[in-house]
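Here is a short briefing to read alongside the model. Have a look at the fold, then come back for the notes.

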Amino acid sequence: MTLEEFSAGEQKTERMDKVGDALEEVLSKALSQRTITVGVYEAAKLLNVDPDNVVLCLLAADEDDDRDVALQIHFTLIQAFCCENDINILRVSNPGRLAKLLLLETDASPAASEGAAQPPDLHCVLVTNPHSSQWKDPALSQLICFCRESRYMDQWVPVINLPER
């Protein structure tokens, strides 16, 4: 590996870390403003009713989910819809970290699993626009710019790995 290749790889890692940080900030703000929709079916309903209000779509899957044909069909349909409606879309490779960010991590204790509700479906998360000037937000702008640059490089659904903290 040459010094230039090493430097380029290091810059890419640093850039992805910044995008991951921006995504965390956007999710935190959206969560506090209650502008998040969680779940494949809930997301599909919202996209059908009000696609103009959606500013970001996250698709989250791990290696096990890659073998789920039904989920992959849903992802394909959601991706196509988002591309057709100019909705920024990212794929998150670690749903566990996403669950922590959204404060949806399930308790693994035996008492919690005795009749507890099924864990939330984090495969699709939508962030909607709260119609306020607060969303002139640098973190959201950074994510939108990253998505746009990725599309220019023919990477229509860039993959983000949220760093563990």
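What share of the contacts in the protein chain with a separation of 6 or more comes from residues 24 or more positions apart? In this predicted model, such residues account for 84% of those contacts.

**Layout**
- The protein chain holds 6 helices and 5 strands.

**Surface and burial**
- Of the 165 residues in the protein chain, 37% are buried.
- The accessible surface of the protein chain is about 10000 Å², and carbon and sulfur atoms make up 52% of that surface.

**Largest nonpolar core**
- This core has 27 residues, and the members touching the most others are Leu-23, Leu-27, Leu-56 and Leu-58.
- Two or more core residues come from each of helix H1 (3-33), strand S2 (54-60), strand S3 (88-92), helix H4 (95-101), strand S4 (124-128) and helix H6 (138-152).
- H1 gives the largest share of this core, with 6 residues.

**A closer look at Leu-58**

**Second core**
- A separate core of 16 residues is also there for you to find, and among its members are Cys-57, Leu-71, Ile-78 and Cys-82.

Notes:
Residues numbered from 1 in each chain as written. Predicted model: local features only at pLDDT ≥ 70, side-chain atom pairs only at ≥ 80, totals over all residues. Heavy atoms only, no water. Helix = DSSP H or I, 4+ residues; strand = E, 2+ residues; numbered from the N terminus. Buried < 20%, exposed > 50% of the residue type's maximum accessible area, 1.4 Å probe, protein only. Contact = heavy atoms within 4.5 Å. Areas by Shrake-Rupley, 256 points an atom, 1.4 Å probe, with all protein chains shown as cover. Core = buried A, V, L, I, M, F, W, Y, C linked by side-chain atoms within 4.5 Å.
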